[in-house]
Amino acid sequence: MGESTQTMQKGLVRGIRRWDVVAVAINAVIGGGIFGLPSKVYALIGPYSLVAFAACALVVALIVLCFAEVGSRFSETGGPYLYAREAFGSVVGFEVGWLVWLMRLTAFAANCNLLIDYLGYFHPGIGAGWPRAVVIIAVVVALTTVNVVGVRNAAFFSDIFSVGKLIPLVLFIGAGLFFLDPGNFSAPAQPAISSFSQSVLLLVYAFTGFEMAMIPAGETRDPQRNLPFAILLSLVVVAVVYILIQLVCVGTFPGLAASQRPLADASERFLGVIGASVVTAGVAVSIIGNLIVVILSAARLPFAMAGARELPKVFAATHARFHTPHVAIIATAALMLALTLSGKFIYALTVSVIARLLAYSVTCAALIVLRRRDEREMRFKAQFKAPAGVAVSIAALSLSAWLLAHSSGREARDAALTALAGLLIYGLYKLVGRKSDVEKVIQSTRT
């Protein structure tokens, strides 16, 4: 592929197998969003929230098809950062890498705090003060250690938690379908287009995260074939589970709009306290599985960017024994810990979705660019071709633009400021790098 991508491969081992990737993708998507958004979307558009779930699944399916084709052209670490860099150059690539990395940091902090909230269901005392800090530190240290001591360990735990999170969700759905009240699905009028669009925009948060499975491609066996398979299969699983979860929430829980823990509250109505405890435990398992994958994927971004000489070289280091990017893992986890411990941590959900859609749009556009490049040099030959790929890319870009148009001016401003910060970091590091190169040349001429 080139010098930079070859550098990214150095020191890594391909320990993530096909079904590991499927588990990583499922863990990446089913994190914390689905455990809070059913009530928020229902509050906006009522029973039509079921249609919003289906519409969001369609939008994300188009994006996933683009990722499947573009990802099948690469076998190196980086995911959307690498795709953007190869298709549009280092500036766009760094910006996408920055946005995706920042999304993962904030998502980890949000979901780790959500984990503490759900654990508080069993022991309210751990939700504040030093017990909260101790639990958070223990969780972050444990998950960081799992990731440092080998990618196979991270993949193994991801497999376990992927199965563990689906069991209580299947219980919730299977039992809840017998208690549906048809009257809960009646709506007085169709919602406004703006409310419906805002609902779909919010749901993007719950349906996305699949790109995390693409990022550690340099540690995945036969990534050009296994990654498309994994993200497409995971989308089918997630879409079915999500729609059924919303169906049960709407059909069994009239007070859904005001609920802070919709799955726990709904399950308590038809499964009782014991059932609610099982579902709540399932939520905790789901979040832990998600946190493992977030560290796994997020740390590979500074590793890949350092391999391309866009961040300090130290982040490209790999452990001599464990063959993992240990410096990037520890640095990323330290920032995650700081954000999680901060009681003042606030992150606008919609701003995160805007950043995701912008980063995803670049990969959708890269499909068209790389297809044209195929015709000239065959350097990026795809192992998977999306049906009507160019049309799918254009449709994904159009729908993403439609959703972005329904964000507020303040949210767009905050997302733009986040993107600008990335450009400033890129420019400053390049400037420092040029000065260092000049100094080395001067020093060599003097000697």
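Me: What should I keep in mind about the model and its numbering?
Reply: Residues are numbered from 1 along each chain as its sequence is written, and side-chain values use heavy atoms, with hydrogens and water left out. As the model is predicted, local features need pLDDT of at least 70 and side-chain atom pairs count only at pLDDT 80 or more, while totals for chains, interfaces and linings use all residues.

Me: Why is the pair Glu-69 and Arg-73 called a salt bridge?
Reply: The term asks for a side-chain nitrogen of Lys or Arg within 4 Å of a carboxyl oxygen of Asp or Glu. Here the closest N and O atoms are 2.9 Å apart, so the pair qualifies. Glu-69 and Arg-73 are also linked with Arg-371 in a network of salt bridges. In total, the structure holds 6 salt bridges.

Me: How do you know whether Glu-69 and Arg-73 are buried or exposed?
Reply: Buried means under 20% relative accessible area, exposed over 50%, and partly exposed in between (1.4 Å probe, protein chains only). Glu-69 has 0% and Arg-73 has 1%, so both count as buried.

Me: What makes Arg-104 and Glu-211 a link between separate parts of the sequence?
Reply: Their salt bridge has its closest N and O atoms 2.9 Å apart. Arg-104 lies in helix α6 (residues 90–119) and Glu-211 in helix α10 (residues 211–214), so the pair ties together parts 107 residues apart in sequence. Helices here are DSSP runs (H or I, at least four residues), numbered from the N terminus. Both Arg-104 and Glu-211 are buried.

Me: Why does the pair Glu-219 and Arg-300 count as a salt bridge, and where do the two residues lie?
Reply: Their closest N and O atoms are 2.8 Å apart, which is within the cut-off, so the pair counts. Glu-219 is in the loop between α10 and α11 (223–252) and Arg-300 in helix α12 (residues 262–307), so the pair ties together parts 81 residues apart in sequence. Glu-219 is buried at 0%, and Arg-300 is buried at 0% as well.

Me: What makes Leu-423 partly exposed, and which patch does it belong to?
Reply: Leu-423 forms a nonpolar patch with Val-91, Leu-417, Leu-420 and Leu-424, with about 440 Å² of accessible area together (Shrake-Rupley method, 1.4 Å probe). Such patches join nonpolar side chains (Val, Leu, Ile, Met, Phe, Trp, Tyr) within 5 Å, from residues with over 30% relative accessible area and no salt bridge. Helix α16 (residues 409–446) gives the most, with 4 residues.

Methods:
Patch = residues over 30% accessible without salt bridge, like charges linked within 9 Å, V, L, I, M, F, W, Y side chains within 5 Å.
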